[in-house]
Each structure stands twice: as structure tokens, then as C-alpha cells.
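Work through these exercises with the model in view. Try each task before you read its solution.

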Amino acid sequence: MKALGSAGWKGPVKFRMPTAENLVPIRLDIEIEGQRYKDAFTWNPSDPDSEVVTFAKRTVKDLKLPPAFVTHIAQSIQSQLSDFRSYEGQDMNTGEKIVPIKLDLRVNHTLIKDQFLWDLNNFESDPEEFARTLCKDLGIEDPEVGPAIAFAIREQLYEIAIQSVASAKESRLSKKGRRGSEHGSASKASGLSMDLMKLFSFKSSVVRCRIRISFELLCVNAPLASGWNKHQMDLMVVIGWDLSE
């Protein structure tokens with residue numbers, strides 16, 4: 001099964017779901033007083049937070065759950081929304097990115113196993129429309145299967161988007177590290193030049209004495225290194241004696 005085509009985005013992109021609608025996949029699994037509530041749905045992060053509590057109250061009322069579920073449902077949704085919002089405003093690592101999406105889920109009596117490619121740079125893609133088309137092609141009539149497929153796609157795209165933020169951050173730190181290394185190398189080279197100027201200054205007798213001993217030890221006691229000739233050795237000796245005068 002093929003995913004939708006690319007819309008061709010270029011340049012830096014701030015964090016968001018790589019789909020037409022910027023929806024957060026929310027998954028709930030809460031158990032209180034022997035009763036369990038499991039659900040999966042999407043939420044618009046731009047909606048006011050007051051909607052979370054309203055949704056929790058309505059869900060508890062419709063499913064006839066204990067009142068304690070209201071707080072736990074609201075807190076779980078709010079926590080997942082806060083995690084999503086913590087990435088907003090951060091750069092995503094963009095480029096030619098085609099990623100595999102895998103489906104392996106059972107909905108009622110229907111088992112879905114499929115794998116296809118998805119273009120992360122296609123911000124016009126629609127997982128819900130894709131899921132409806134897939135169900136139509138496979139002849140699936142259960143109305144719960146389509147939303148489950150779309151949710152599974154969005155969950156994977158969300159994880160990949162988070163990884164793209166981490167990758168962009170690592171790239172920035174790597175570039176800063178290289179610039180810092182280049183600056184450090186230039187500073188060391190400059191510092192070495194200054195040290196050599198100080199070393200060969202004739203203003204200090206202590207420096208002249210140290211230079212003389214160093215060259216005498218090198219020239220007299222060290223064996224002749226491979227590739228060195230007599231003229232080079234004589235030159236070093238002359239330099240050493242000149243500095244000691």
C-alpha cells in the first residue's frame with residue numbers, strides 16, 4: 001500500500017506532526033476500583049485546557065464509570081498534551097525522508113498487518129483518509145478499524161517527529177563543536193607564535209641559559225635522526241652558541 005505523495009517542503013521546519021492536521025495521539029489505560037477504561041484518540045493541542053475536564057466528565061457519565069475516573073482521565077490527557085507542547089518551537093531535521101510505517105493490530109475480529117512508506121516532508125498527508133482508502137481496498141466494513149489504523153499511523157509519525165527534533169539538536173551541537181575546535185586550534189597557533197617570540201627574546205638571561213642547555217643536549221647526546229644531515233646539525237649548534245653569547 002502506498003502512502004500519499006510529497007508536497008516538497010524545503011528549509012527549517014518547526015516541530016509539528018508531519019500531517020495536514022496537527023493532532024496529538026492520546027492513549028489512555030486507567031484502572032480504578034476494579035474497573036478499567038482504555039481508549040485511543042487524537043486531540044488538537046490548540047484547544048483550551050478546559051476542554052480536557054469537560055471531555056473527562058462526559059466520558060465518565062456516558063460510560064457510567066466511578067467519579068474518580070474524571071481526575072485520572074483529565075490528568076493523563078493533560079500530561080500527554082504537555083509532552084507534545086514541550087517540543088513546539090523547536091527545529092525538526094528535514095530532508096528527503098521516506099520512512100516505513102508498520103501496522104500490526106487487531107480490532108474486534110479484524111487483523112491488520114501491512115507495511116508501507118510515508119513521506120515525512122508531506123505536510124498535506126491525511127492518515128484518516130489513508131485509513132479509509134485502505135479499508136475500502138481491503139473490503140473492511142467494521143467502522144472501528146479505520147480510526148484504529150489512522151491512530152497507529154499518527155503514533156508512529158509522532159515518535160519520528162520527536163526523533164527529528166533530537167537529530168536537529170545534535171546537528172547544531174556538532175556544528176558548534178566544530179566551530180569551537182577550529183577557533184581553539186587558531187588560538188593555540190597564535191599562542192604558540194607568541195611563546196616562540198618570548199622564547200627567543202634576549203631580554204632575559206634565564207631564558208638564554210635554558211635555550212643553550214636544551215640545544216646542547218639535543219645536539220651532543222641525541223643520535224643522528226634519520227633524514228637529518230650534517231649541515232642541519234651544525235646549524236643547530238651555531239644557533240645554540242649564538243644564543244649563549
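**Exercise 1.** Decide whether Arg-154 is buried or exposed. Then find its salt-bridge partner.

*Solution.*
Step 1. Take the cut-offs: buried means under 20% relative accessible area, exposed over 50%, and partly exposed in between (1.4 Å probe, protein chains only).
Step 2. Arg-154 has 0% relative accessibility, so Arg-154 counts as buried.
Step 3. Recall that a salt bridge is a side-chain nitrogen of Lys or Arg within 4 Å of a carboxyl oxygen of Asp or Glu.
Step 4. The partner of Arg-154 is Glu-128, with the closest N and O atoms 2.9 Å apart.
Step 5. This pair links distant parts of the chain: Arg-154 is in helix α4 and Glu-128 in helix α3, 26 residues apart. Helices (H or I, at least four residues) and strands (E, at least two) are DSSP runs, numbered from the N terminus.
Step 6. Glu-128 has 22% relative accessibility, so Glu-128 counts as partly exposed.

A word on the source: this is a predicted model, where local features need pLDDT of at least 70, side-chain atom pairs count only at pLDDT 80 or more, and totals for chains, interfaces and linings use all residues. Residues are numbered from 1 along each chain as its sequence is written, and side-chain values use heavy atoms, with hydrogens and water left out.

**Exercise 2.** How many salt bridges does the structure hold? Describe the one between Glu-129 and Arg-132.

*Solution.*
Step 1. The structure holds six salt bridges.
Step 2. In the Glu-129 and Arg-132 bridge, the closest N and O atoms are 2.8 Å apart.
Step 3. Both residues lie in helix α3, three residues apart, which is about one turn of the helix.
Step 4. Glu-129 is partly exposed at 36% relative accessibility. Arg-132 is partly exposed too, at 48%.
Step 5. Another of the bridges joins the side chains of Arg-36 and Asp-29 (2.7 Å, N to O). Asp-29 has a relative accessible area of 43%, so Asp-29 is partly exposed.

**Exercise 3.** Which residues have the most contacts inside the largest nonpolar core?

*Solution.*
Step 1. Define the core: a set of buried Ala, Val, Leu, Ile, Met, Phe, Trp, Tyr and Cys residues joined through side-chain atoms within 4.5 Å.
Step 2. The largest such core has 48 residues, and those with the most contacts inside it are Ile-73, Ile-77, Leu-103, Ile-149 and Ile-153.
Step 3. Elements that give two or more residues to this core include α1 (50-63), α2 (68-85) and β5 (98-107). The largest share, 11 residues, comes from α4.
Step 4. Now follow Leu-103. Beyond its neighbours within four places in sequence, its contacts (heavy atoms within 4.5 Å) include Ile-112, Phe-116, Ile-149 and Ile-153.

**Exercise 4.** In which sense do β5 and β6 pair?

*Solution.*
Step 1. Two strands pair if DSSP finds at least two bridges between them.
Step 2. β5 and β6 pair in the antiparallel sense over 10 bridges.
Step 3. Arg-106 stands opposite Leu-111 in β6.
Step 4. The two strands form a hairpin with two residues between them. Asn-108, in the turn, has a positive phi of about 55°.

**Exercise 5.** Where does Ser-125 lie, and is Ser-125 buried or exposed?

*Solution.*
Step 1. Ser-125 lies in the loop between β6 (110-119) and α3 (127-138).
Step 2. Ser-125 has a relative accessible area of 1%, so Ser-125 is buried.
Step 3. The Ser-125 side chain reaches the backbone oxygen of Asn-122 at 3.1 Å.

Notes. Polar contact = N/O pair within 3.5 Å; in protein donor to acceptor, adjacent residues only side chain to side chain.
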